Amino acid sequence: MFGHLTEICLAILLLPLFSAIIVGISGRNMTIAGAHRITTLSVGVTFILSVLLAKSIFIDDFSTYNVNLYSWFSGRDIFPFAFHLGFMIDELSVVMLVMVSLISFLVHVYSIGYMSGDEGYKRFFAYIAFFTFAMYLLVLANNFLQLFIGWEGVGVASYLLIGFWFKKESAINGSLKAFLVNRVSDFGFILGLALIFSYVGSLDYQIIFANKLRLANHIINFGSIEISVITLVCLLIFWGAMGKSAQMPLHVWLPESMEGPTPISALIHAATMVTAGVFMVARMSPLFELSEVALSVILIIGATGALFMGLIAIVMNDIKRVVAYSTLSQLGYMMVAMGTSAYTVGIFHLITHACFKALLFLGAGSVIVAMHHEQDMTKMGGLRKYLPITYWTCFIGSLALVALPPFAGFYSKDMIIQAAKASNIFGAEYAYCCVLLGALVTAIYTFRAFFMTFHGKVEHENVQEPGFVITVPLIILAFLSIVIGFILFEPMLINNLLKEPIVTPLHNTLDSITSSFNGHLPFIGHAFGTKVFWLTWLGILIAFIFYYLYPNLPTFVSNRLSLIYSILNNKYGFDTLYEIIFVRSSKFFGDILTKIVDNLIIDFTLVDGLGVVTNKIGRLLSKLQTGLVSHYLSFMIVGTTLLFIWVILR
Amino acid sequence: MDIPLLSVLIWLPILGGVFVLSTGNIKQFDNRKISMLISFITVLLSLSLYSQYEQSHHLWQFKEILQWIPRVGINYELGVDGISILFVMLICFMTFVTILATWNSINHSVSQYLASMLILQGLLVGVFSSLNAILFYIFWEATLIPMYLIIGIWGSGNKIYAAQKFFIFTFFGSALFLAALIYLGVINNTFNMISFYSLKLEFFPQLIIFIAFLLGFAIKIPMWPVHTWLPHAHTEAPAGGSVILAAVLLKMGAYGFLRFSLPIVPDACNFFAWPMIILSLIAIVYIAFVALVQNDLKRLIAYSSISHMGFVTLGCFLIFLMYGESISAKALGLEGAIIIMISHGFISGALFLGVGFIYDRLHTRSIKELQGIANSMPIFSSFFMLFALANIGVPGTSGFVGEFMVILSAFQANVWIAFFAASTLFLSAAYTLWMYKRVIFGVAKSDSIVALADIHGMELVAFILLAFMVIWIGFYPAPIIEIMHTSIGNLLSIASTSKIV
């Protein structure tokens, strides 16, 4: 088995790529069914292969497998390093791989139903297969170069898929915004890589880890500010993670990514791509461990997002936007875990979140299909009796999201809250308050959306449950949302399976929160004594009163609290601010540079002006040559006189 | 060596061009096919050049010498090293692709057009393989003539103004360049370029020579602020002319820096390193903003070219900020600069071709009049997307490789240089993708856009060839990077040694 790891990885990588290429270039030669069969089958196979890899790592107990596939280029004797493409198979990458391939496979199946009849059907499958390839490339990387290739690859796939319906103005604006915001964060990321490279001389993970103390021991001066290299490195690559994982203030692209098809929102903008930043921080945890400043920054930014993004979700009426803001909030939770050095907990939440958030998105998609592409929740209600399977699966998903025991979200989120409580890093108290209040907020917006969509006494015509390709993925994900926390809790946290990729924290929050664990029942039992448990119930109760018992109450309250309401409804004004600062001012700046500096000063005045002046001088001089002897004679007399005067005065 | 490959690569297209010109009006000769055949043969020959090139040492290869005016050391001397061989291959490839892609877009004086293209190709190979300064200069100036004709005859709009501006601007720069060459030749008793490298020069003459070189090269690249001829030339040139102009002609300037300024006057380069780097950064950042607000597709891509060329000059002069340091970081930046040039050849060529395809069909390049091309030209749009992403420097395309190398290297020289250089990540994305969005996406704006025919035949072949190069270099740049190593090492050791006695 071990000897074939490279081949397996290669197969995992290339199957989706080739299927994307085949579907992409086949054009009219391929049937609709052919397109989804090839891509779905190949992603399905990669799921099986990923499970095989997981088995060899977890059960057969292989140690970390690190291999270079081929070198991008090497320096020979000119420079002593080479850039590789290769694989690093360890617990972290395997866990991610299984999750990505599973969700991707389910989304492929789901899309067969969701996208049926769309004119870009084949293009869609080519894109998501390509996305899956890029995500594998990112996860399997054993060096930053390959990570970055995959990183941008998923960005491109996301860009193409958000703008999939390219006739829709909002979709192509959203895709452009997503790409540009991500590029702004890549700007920091690439500088971080350059900084690492200038100290370590390589981008291979293992070499970087081996030299991490060299980074820690150097200081850079920016004027009077001294900053250690490792802190700068961590802040820069976290800046990169902030774009992909949509942390404030670079989160603005994620809500607008909802203009893409819903399966994409589930796959890319909830389960996989947006968690790439979290994954990368976990991957680089040996570096982050050495910089308390960076950890604090992560903690504070994550906690702020966890609470304040959740608040926005309460006022959104578009069903997908609610789930999108919920994703922003949950990504904040994951970052809080990272900031408290409980990396394993963060990854654990990443996995459980992938299951229940994909479920909620796909459930929302099912509702949207049933409602004939209506996304406004105020026009829904009472869907419970029309869509029983969607209803029950979404119910499970909601329970998992609000983290009631024993659903998946409970295990991971409870651990994050405990980690924030136990941590002693700067900002931990603030983070603890945020995540605690966040639990209340989560419960409110989740059940608000749930009641608005499924309950109430609205009658619909011609609304029925979509076919089995849509409902089966829902049921599978619902099942996972119930059990995945229970299954993975002990192997991941208590036995700390991820210990090896994620070096034992100096700030050992994980041990302190797991040391008291003595079985699942007592663990669930302790939940009843925690603040978060009761806050969650309070939130559900509020949602129940406002959106189930007295549906007129929300309008009344929002009118009373119109200031707060409008702040939230405008998403704290980030969009407007960015529009003014970046979009308008760069166009203005560009206009000035073009019209005044380039066209007027340089081209017209200097360049053409030079021509004009030459021309003028020529004309002027040509006047001297009149051909009249009398003129020449007078010039001569003046000249000789001046010459005489000069000679005499000398 | 049996065949003088370089001479063949120069004279086969030139003579072929003369032949095409002379058979222009005879019906039996299909000049398009003849030209394509000739340029295809040169592509094959350039591949054989690559395969025979010995990578293990830096010495000049495929050398040819014919005596011309031996008394003053002016000879017909050719040769390539690991740097120039890449450009020779790029020229042959791009000319072939251009002839394919503009198969149907030139309607009058076809044989004259093809002849100009072929002659230009031969002259360009001459520029990049000359080892004698005077021969270099002759080829260098001669390239202006076919390009001047291509813009002036087959151009559009204000073509005469553009052609004259192009000619006078670049010719002006070269006059001082020639003066510097003559000075060097006279004190050296020969015009052999390699022997210039071992010439000892005092600091003041170095400064003068540097400035004379600078004017010639900076206008050609073009660097800010002597760049304003390029948008005019590109806008009015026919698609094929724009492709060759962007893909190859611009590289002559940077090649001049590599061949002349860096090794001959290293102390002056060192002295001027900071101003040059600042001009490069201005080109990268300032020009990106200018590109953002252009309404003419070709102007936009022309400005994008200037911005990318900023990276090239940055990579060339970064090495002087790391004067004492080991060779590795310097080599990374310099090789990165060369990779950008090669990759930009493919990418800007592809983008200009794409605009040409649109122009052939709709007779407009104005972004405001275009919208929703993806509806009727899906294949074109997919390829154009790839090239747009490559222009942005997305990893996995050739555009990324060089920029990445230069940024890594810049960081070791100075953090702030890297900071401004890296801003291209989002600036280039902004102008390229915003353009793409407005032109390709959306609802088809007019009936003529609805009725567009997708690319087919030769156009498609040209795009496939370019796409192949872009992706191949993106995922496996080793073949074109590693061939440079020994030559770059040699160049760096010359450029790091003071010439002052």
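Two residues are taken to be in contact if their C-beta atoms, placed from the backbone, lie within 7 Å. By this criterion, 41 residues of chain B touch 43 residues of chain A. The model is predicted: local features need pLDDT of at least 70, side-chain atom pairs count only at pLDDT 80 or more, and totals for chains, interfaces and linings use all residues. Residues are numbered from 1 along each chain as its sequence is written, while chains are lettered from A and ligands numbered from 1 in the order in which they are written.

The predictor assigns the complex an ipTM of 0.88 and a pTM of 0.88. Chain B has a mean pLDDT of 87 (the predictor's confidence in each residue, from 0 to 100). In chain B, 98% of residues reach 70 or more.

Helices (H or I, at least four residues) and strands (E, at least two) are DSSP runs, numbered from the N terminus. On the side of chain B that touches chain A, at least two residues each come from α12 (266–292), α14 (327–362), α16 (398–413), α17 (415–422), α18 (424–440), α21 (478–482) and α22 (485–495) of chain B. The most come from α18(B), with seven residues. By class, this side has 31 nonpolar residues (Ala, Val, Leu, Ile, Met, Phe, Trp, Tyr, Cys and Pro), two charged (Asp, Glu, Lys and Arg) and eight polar (the others, Gly among them).

Chain A contains 27 helices and four strands. Its C-alpha trace spans about 120 × 65 × 60 Å along the principal axes. Of the 650 residues in chain A, 54% are buried (20 or more other C-beta atoms, placed from the backbone, within 10 Å of the residue's own). Among contacts in chain A with a separation of 6 or more, 79% join residues 24 or more positions apart.

Within chain A, α9 (residues 229–244) packs against α12 (residues 276–283) at about 155 degrees, with the axes 7 Å apart. Axes are lines fitted to C-alpha atoms over the stretch in contact, and angles run from 0 to 180 degrees between N-to-C directions. The two helices, α9(A) and α12(A), are therefore roughly antiparallel (over 145 degrees). A:Phe238, A:Ala241, A:Met242 and A:Lys244 of α9(A) meet A:Ala276, A:Gly277, A:Met280 and A:Val281 of α12(A). Six of these residues are nonpolar, one is polar and one is charged.

Leaving aside neighbours within four places in sequence, B:Val88 contacts B:Leu9, B:Ser46, B:Leu49, B:Val80, B:Val125, B:Phe128 and B:Ser129.

Methods:
Angles under 35 degrees count as roughly parallel, over 145 as roughly antiparallel, 65 to 115 as roughly perpendicular and the rest as oblique. A residue is buried if 20 or more other C-beta atoms lie within 10 Å of its own, exposed if 12 or fewer, and partly exposed in between; C-beta atoms are placed from the backbone.
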